[in-house]
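Please read it alongside the sequence and the coordinates shown below.

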Amino acid sequence: MTATPIPRTLAMTLYGDLDVSVIDELPPGRKPIRTTHVFDTHMTKLYEGIRQQIRQGRQVYIVFPLIEESEKIDLKDLEQGFEVLCQAFPEFRLSKVHGRMRPADKEAEMQHFVSGETHILVATTVIEVGVNVPNASVMIILDAQRFGLSQLHQLRGRVGRGADQSYCVLVTSHKLSEETRKRIDIMCETNDGFRIAEADLQLRGPGDLEGTQQSGMAFDLKIANIARDGQLVQMAREEAQKVIDDDPLCQSARYQLLWQRLKELRKTNVNWAAIS
């Protein structure tokens, strides 16, 4: 799968009239992307693999987390990395794109890659969406520990768009937290966006629908686990819709206890139209 992971549509069925559409197969002719984890001490071997792919007529993305070197964060940056890569691959042509470039310059560099004029595109996450180059078969993500699961999955989706076997290589240092190792392992184990989305939800938490908290456990659910109990949540949503259809004005004696309890639990009145 190369679509954006969408676990939150499942969570949002708790709150409104939303349906979930499932696309669980690749387009005809495409092969699952092979994802591997490589430590940054093995770059020489990785470079040789890049050469082999380019000699077979393929193209390569190399993604950096930063545009320029930072004094606060010890990460590889695109500007210095581009110079290093030009020296490492003198026999090939390279392009680079990032968010600080003028739109015309960025578009020109992208077109060089799309047309096959350049072999390697060195970029930041500006290529995360909207880039379609079927001939590109390798995605190298440097300092992959700095990216979330959804972003890694989106970047990986830039390859595997043609009929040839494609590869995604997640490059990290040896020093990884337990949660980061879990993220990397999940990416290597599956291309299924739904599994990745569920894992992301379990690792990060759902956040707060009515507030600004973007992750963590903001929901006060006593029994259900929205990352695990998707079918139960959907069943509860369907039953709730039946009650609303049967008693849209909340006046039926049959549901009096239900409406009374709901009013007690609802401490705030959210203006959903104001949320965007």
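The strands form an open sheet of six, in the order S1-S6-S5-S2-S4-S3 and with parallel pairing, where two strands pair if DSSP finds at least two bridges between them. Strand S1 (34-39) and strand S3 (94-97) are the edge strands, each pairing on one side only, and neighbouring strands are turned against each other by 20 degrees on average, direction ignored. Helices (H or I, at least four residues) and strands (E, at least two) are DSSP runs, numbered from the N terminus.

The model is predicted, so local features need pLDDT of at least 70 and side-chain atom pairs count only at pLDDT 80 or more, while totals for chains, interfaces and linings use all residues. Residues are numbered from 1 along each chain as its sequence is written, and side-chain values use heavy atoms, with hydrogens and water left out.

**Strand S2 and its partners**

Strand S2 (residues 59-63) pairs with strand S4 (residues 120-123) in the parallel sense over four bridges; Val-60 has Ile-120 as its bridge partner in S4, and Val-63 has Ala-123. With S5, S2 pairs in the parallel sense over five bridges, and Gln-59 stands opposite Ala-136 of S5. Five of the five residues of S2 are buried, so the strand is largely enclosed by the rest of the structure, where buried means under 20% relative accessible area, exposed over 50% and partly exposed in between (1.4 Å probe, protein chains only). Both faces are covered, with Gln-59, Tyr-61 and Val-63 buried on one side and Val-60 and Ile-62 on the other. In a regular strand the side chains alternate between the two faces of the sheet.

**Helix packing**

Helix H4 (residues 103-114) lies across S2, S3, S4 and strand S5 (136-141), running at about 140 degrees to S3. Axes are lines fitted to C-alpha atoms, for helices over the stretch in contact, and angles run from 0 to 180 degrees between N-to-C directions.

| Helix pair | Angle | Axis separation |
|---|---|---|
| H5 (149-156) and H7 (193-204) | about 160 degrees | 9 Å |
| H6 (178-189) and H7 | about 170 degrees | 10 Å |

H5 and H7 are therefore roughly antiparallel to each other, a label given to angles over 145 degrees, and H6 and H7 are likewise roughly antiparallel. The contact of H6 with H7 includes Lys-182 and Ile-186 of H6 and Ile-196 and Leu-203 of H7, contact meaning heavy atoms within 4.5 Å. The residues of this H6 and H7 contact divide into five nonpolar, no polar and five charged.

**Nonpolar cores**

The largest nonpolar core has 28 residues, and those with the most contacts inside it are Tyr-61, Leu-121, Ile-127, Met-139, Ile-141 and Leu-170. Such a core is a set of buried Ala, Val, Leu, Ile, Met, Phe, Trp, Tyr and Cys residues joined through side-chain atoms within 4.5 Å. Another core, of 23 residues, lies apart from it and has Leu-46, Phe-64, Leu-94 and Val-171 among its members. Leaving aside neighbours within four places in sequence, Ile-127 is in contact with residues including Tyr-61, Val-63, Met-110 and Arg-158.

How values were computed. Parallel < 35°, antiparallel > 145°, perpendicular 65-115°, else oblique. Nonpolar A, V, L, I, M, F, W, Y, C, P; charged D, E, K, R; others polar.
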